[in-house]
Amino acid sequence: MRHVIAILIENEAGALSRVAGLFSARGYNIESLTVAPTEDPSLSRMTLVTRGSEDVVEQITKQLNKLIDVVKLIDLEDIVHIERELMLVKIKTTDKIREELRSVVEIFRGKIIDVTPTSYVIEMTGTSDKLDAFIATLDKNSIIEVVRSGATGISRGEKGLHL
Amino acid sequence: MCHLGEKVKYFECKLTIIVHINVIFQLLEGGNVELNGAQIVIQSLKDEGVEYIFGYPGGAVLHLYDALFQQEDVKHILVRHEQGATHAADGYARSTGKPGVVLVTSGPGATNAVTGIATAYMDSIPLVVLSGQVPSPVIGSDAFQEVDMVGITRPCVKHNFLVKDVTKIAEIIKKAFHIATTGRPGPVVIDIPKDITDPSVKVPYHYPKKIEMRSYHPATSGNKGQIKKAVELLLTAQRPVIYSGGGVVLGEGSQELIELAHLLGYPVTQTLMGLGAFPATDKQFIGMLGMHGTYEANMTMHESDLILAIGARFDDRVTGKLDMFCPYAKIIHVDIDPASISKTVKVDVPIVGEVKLVIRQILEGLKDAKYKIDKKSSEMWWQQINQWRSIECLEFDRQSIAIKPQFVIEQLYEVTKGDAFVTSDVGQHQMWAAQYYPFDKPRRWINSGGLGTMGFGLPAAIGVKLAHQNSDVACVTGDASIQMCIQELSTALQYNTPIKIINLNNSYMGMVRQWQEFSYQSRYSHSYMETIPDFVKLAEAYGHVGIRIEKPEDVRPALERAFAMKDKTVFLDILTDRTENVYPMIESGKSHHDMKLRVAIGTTTDRELS
Ligand SMILES: Cc1ncc(C[n+]2csc(CCOP(=O)(O)OP(=O)(O)O)c2C)c(N)n1
């Protein structure tokens, strides 16, 4: 099962390597990991996507909680939540495909944010599935570069992960 | 010139005394004292109540050593290798319950300490390790004696810090002691760049009395609902067993465990790390469990319908093959660390909390409960257990003309009246010490269980002796293990820590040889050393007493002689039966009811009982 774990962690040097080190030392897998400071500069927020059986994910959350720098965490899988990922794609274009590409980008609610005579850079946000689906519509040979941020997530409703 | 030099020295000495008096006055007045980083480190240790610091100097910690030199409250124990410092501090911590403190220099000093840090980590022992680091401006430049200590130790510490600001030292030290000693204890490393301890930079000093950390709140008492469930299971079980571990020792829960076990009347087994928390001479004690546990302990576990696990972590040396582990049992698991619960074995009633408090809660629950203990089924269960006991799985050949190692441990027990602190190294001798020295008190049995570190025993014994100067301290070791930290014999002389070294010398890495005998058709690949030193001469060279013992009848008198020499470290080199094996044994991949027992005396085949 895929799990999205949101973590509030002290914004200290080495905090990221404690999390990454835990995963490699205990043989857990990380699908993606994003991190940035929050509105409170002493705290960072991490979003970690992992896969594993219920037992393994339970161990992962316990082991993460055990890290001294981790202040709080939730497994978003346990609650109603929203997930978003940002993707930038650079595509080789020819006159023939430009028109069609523009309409596909529109269907996926993406934006073309850079244009040259021979290329587009497309910006798109959405769930990771949606981004996969967009990539699948492209001709593989036309893709120059794909950059994905990894998923971030937040719970729906009034409640939230804060101090 | 010479005359002048002496005058200057005298003047300097006087000056430092005056500086000291000034500091004391400022402290008394409660005013903010100005100290340099090195002084802050040492003053913080003083304020934390640290008695001993085990260390070894070097470039990056010279400022710290200079600050140490100018005071006498924190006593420095100079070891001969940094691994010895960590083990000695560890032995001090295990035998007292107080944190052990270590000071090493950067680079090789720091890496030498890593084995000892990992040893403490695996057994949840509170240590605070101060390591020197190259000056902040050159960190990351591959400077002389630079290693990334925070990176290297990250997977084997409870937490670590790199000090970046001299004004933060006191707070970080307070945090380190707080983290090391609370919750599930463990080692904490503080890496201190040399510029942070610069004598010319002085800042106000204040050591916090208490510390709050928003990210760290260890559990205390157990969940009431879970306690209720546990009490109900405990009172309705037909074939219950209490399985307790090192957590009861660390959590000072021994008295509570004894009370609970006596109230219930259930059998108690303990892990290697738990020995002593419940008295081994109590009739409810059925011995250690696991790979080299007793037949009755392992069979009781296997056949039980309820396990009350307290401060134990279902380690692989305890469980054997996981999918055959205790097939009929419901499990209640009490532990301070939520991550230890349901890690390897799924449990039915998890209780997170301090063992002492949780056992108290269970005791209260039992007093209020509507059920009473079923005496009848308890009797039947004990009948079964006593039948397993009657196999006498720990019997050995007492007529042997070679010295049996088990006999030596039995004699050690008698000579010390069961009241010694016993440290050990790793191997067969460790198992024999655990099996044949019945510990009745916690913190008496000091060994490296989790990491299994050869070289632990001697330095640990020095740490124990410093803390318990009027008690007998024995180090049970083997001819291979003792050579891993033999240099600490020199430390033992310098600080006058008279310990008794019981070397069960079989001229083999016995435990390795045993596995090779059982699993590799006796192909003894590199488990034998042809050039074992003359330990008697070696002990004498280090300034101690050495005695060699070759006959069973000489064992007892030699032990008596050794322990009578109260102020001497004595090295007893005891030549034991080279072919002896540790029994019972659950070979890896097998389950609790599938034990290899000693060949019945006078027959030739293994007894495979199940
Ligand atoms: C540092 C270290 N290296 C290797 C081992 C693997 N090992 C476990 S027991 C053992 C042999 C110990 O021999 P000895 O100290 O003579 O004790 P004996 O088993 O003979 O009692 C070895 C090599 C270890 N535990 N620790």
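This is a predicted model: local features need pLDDT of at least 70, side-chain atom pairs count only at pLDDT 80 or more; totals for chains, interfaces and linings use all residues.
Let me open with a pair inside chain B, where the side chains of Lys98(B) and Glu51(B) come together in a salt bridge, at 3.4 Å from N to O. Lys98(B) sits in the loop between helix H4 (82–96) and strand S4 (100–104) of chain B, while Glu51(B) sits in the loop between helix H2 (37–47) and strand S2 (52–55) of chain B, so the pair ties together parts that are 47 residues apart in sequence.

The size of an interface is often given as the accessible area lost when the parts come together. For chain B and chain A that buried area is about 1500 Å², with 47% of it on carbon and sulfur atoms. On the chain B side, the residues that lose the most area to chain A are Arg154(B), Arg214(B) and Ser215(B), which together make up 40% of what that side buries.

What kinds of polar pairing does one find there? Counting residue pairs in polar contact between chain B and chain A, with both residues at pLDDT 80 or more, gives nine.

Let me turn to chain A itself, whose secondary structure comes to four helices and nine strands. Along the sequence these follow the pattern β-α-β-β-α-β-β-α-β-β-α-β-β, and the C-alpha atoms of chain A fill a box of roughly 55 × 35 × 30 Å along the principal axes.

Within chain A, helix H1 (residues 15–25) packs against helix H2 (residues 54–66) at an angle of about 140°, the axes being 11 Å apart, and the crossing of H1(A) and H2(A) is right-handed. On the H1(A) side the residues are Val19(A), Leu22(A) and Phe23(A), and they meet Ile60(A), Gln63(A) and Leu64(A) in H2(A). That contact of H1(A) with H2(A) has five nonpolar residues, one polar residue and no charged residues.

I will finish with two backbone details in chain B. Tyr583(B) and Pro584(B) are joined by a cis peptide bond, with omega about -10°, and Pro584(B) lies in the loop between strand S20 (570–575) and strand S21 (595–597) of chain B. Asn496(B), in the loop between helix H18 (489–494) and strand S18 (500–505) of chain B, has a phi near 50°, a positive value in a residue other than glycine.

How values were computed: Residues are numbered from 1 along each chain as its sequence is written. Chains are lettered from A and ligands numbered from 1 in the order in which they are written. Side-chain values use heavy atoms; hydrogens and water are left out. Axes are lines fitted to C-alpha atoms, for helices over the stretch in contact, and angles run from 0 to 180 degrees between N-to-C directions. Helices (H or I, at least four residues) and strands (E, at least two) are DSSP runs, numbered from the N terminus. A crossing is left-handed if the near helix is turned anticlockwise from the far one by less than a right angle, and right-handed if clockwise. Contact means heavy atoms within 4.5 Å. Ala, Val, Leu, Ile, Met, Phe, Trp, Tyr, Cys and Pro count as nonpolar, Asp, Glu, Lys and Arg as charged, and the others, Gly among them, as polar. Buried area is the accessible area (1.4 Å probe) that two parts lose on being put together, summed over both. A polar contact is a pair of N or O atoms within 3.5 Å; within protein, one must be able to donate a hydrogen and the other to accept it, and residues adjacent in sequence count only if both atoms are side-chain atoms. A salt bridge is a side-chain nitrogen of Lys or Arg within 4 Å of a carboxyl oxygen of Asp or Glu.
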